[in-house]
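Open the model in your viewer and keep the selection panel at hand.

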Amino acid sequence: MNANIYRHEFRARLRSVLIWSLALTLLTLFFFAMFPVFADQAALMNEMLAKFPRELLVAFGMENMDLATVLGFYSLIFFFIQLCLAIQASNYGFGLVSIEESELTADFLLSKPVSRTQVLTSKLLAALTSLLLTNVVVWVSTFVAISLFREGRAYDLATLLLLLASLLIFQLFFLSVGLVISLLVKRVRSVTPYALGLAFGAYVLAAFSGVFGDVGLELITPFKHLDATYIVQHGAYDAPLVLLNVAVSLVALAASYWLYIRRDIPAVS
Amino acid sequence: MSVIEVTKLTKYYGKARGIVDVSFGVEEGEIFGFIGPNGAGKSTTIRLLLSLIHPSSGSAKVFGKDVVGHGPEIRRDIGYLPSEVYYYEGMKVNDLLKYSASFFNGDHTQRMHELSETMELDLGRRISDLSYGNKKKVGIVQGLLHSPKLLFLDEPTAGLDPLMQRKFFDLIREENARGVTVFFSSHILGEVQRLCSRVGIIREGSIVEISDIRALQQNNYKKVRVTAEGLDAASFDLPGVTNMQAENGALQFFFKGDINAVLQRISAVQVADLTIEEPTLEEIFMHYYE
């Protein structure tokens, strides 16, 4: 860990963190502001949803969702929060070392007296700090939104905390998988397409996994590992899937160190 | 003491050749010139020594330590000026230089200001607003500000105007006078001739010659030009004759060896004109590359 690199990396991402945080706050507040209307018309709402084809509901993760309850409605928003955080985290993951290489500043950094391990650790910690900040903002805006708009309706705090806590595991997955993919390909020219690809790819897998029934797709996508509907329904994580998620993240991290230490930094061509 | 010791260093990028079986040594306090055309493997060699890339086989030591295992330690005393300079575009020059200095022990602010003044570098500007030449100046200051013991200069003068080039050379000579070892890679022979004491010539990934620059110029090669009737290339069919060219009844060639052998052949014919001179480094160089 090198404090200079950490500080430099953290500053470089600060603007992005602020924008994501603002977007997520607005998303949560505006979306949840509609909750009272939904809750009042609950019977009508659930009747309408019942007429939708089951496949469609499953694809949007709404099959077992009760939009009349605080957490039921929140898990609908939660899915969008997940999607945003997935894009943000994969963005940081893919860009962690590849931006330095595509903008050709890697030579500057790596000709300094620091080891590759130090460089990667400092960068990872800086990215994690950025993700954690965004995470905290999500927590705060969630609590603010719920207390503003729940209008006295009760909810289970423990379940909400479980939901929110799952976000960090979720972010870590996309950060580390993004990183390891960026080290496996020869050169990442532009980070955004990769990041969107990974985030939406994982989402699409989750959607299809519901539509086609039991085909095992839930094993490979974090949207299923940490499915809000499941957590709300059971008041608990799907433990084996969460463990799988964490295991994949850790393997990706370990592989990233292994690859980065041995990596040939591409020269200007 | 050898500051750099390279032994049979080989680097392949997949199947593409980087360098093959390169061996040489650089002594403490010397300015070692490393010449070759683009793509010969100059940058590859420097990048291997900085452990930016890893060797396929062979080994290299800097300050007596293996570059693969002791990279961070070695780089504490290294200054590196890459051939193409790229820095964090959003940063100000001042912040970038401070960031660079922060990796080294001690306070380097004063040296940073001295160097920027010498190179006429404006510290308040943004990297993204700088011209190529100005970025190069940032590179020079960045490479020197922590007073390294060994300098890697990879085609350092590209983009600098002649006045700045001279200042830069003065700076390098000053550093060298303080005992700094310099590894100077270039494809421009004039500058190598001006600065270096020894030179290694690399071609298609292999070292073709390592020699004292004066020895290379004076002792080994003579450029001979003879004008006489009835001459053909066969008249000088001697070991040591290379680069034979015939034009307008005159013969021109390089000769390495005992000059008397050539003189004997010349005395056998009626000579109209004769010159024997030192070839320029440029000509020696071309000779290696043909």
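Select the boundary between chains A and B: 27 residues of chain A are in contact (heavy atoms within 4.5 Å) with 23 residues of chain B. The model is predicted, so local features need pLDDT of at least 70 and side-chain atom pairs count only at pLDDT 80 or more, while totals for chains, interfaces and linings use all residues. Residues are numbered from 1 along each chain as its sequence is written, chains are lettered from A and ligands numbered from 1 in the order written, and side-chain values use heavy atoms, without hydrogens and water.

Together the chains bury about 2,300 Å², 62% of it from carbon and sulfur atoms. Buried area is the accessible area (1.4 Å probe) lost on putting two parts together, summed over both. Now pick A:His8, A:Phe108 and A:Pro113: they supply 28% of the area that chain A buries against chain B, more than any other three residues.

Next, show A:Asp107 and B:Arg47. Their side chains form a salt bridge at 2.6 Å, N to O. The count between the two chains is two such bridges (Lys or Arg side-chain nitrogen within 4 Å of an Asp or Glu carboxyl oxygen).

The largest nonpolar core holds 119 residues, and A:Phe223, B:Ile4 and B:Phe152 have the most contacts within it. Such a core is a set of buried Ala, Val, Leu, Ile, Met, Phe, Trp, Tyr and Cys residues joined through side-chain atoms within 4.5 Å; buried means under 20% relative accessible area (1.4 Å probe, protein chains only).

Finish on B:Ile4. Among the residues it touches are B:Phe24, B:Leu49, B:Phe152 and B:Phe183, not counting residues up to four places away in sequence.

Definitions and conventions
Buried means under 20% relative accessible area, exposed over 50%, partly exposed in between (1.4 Å probe, protein chains only).
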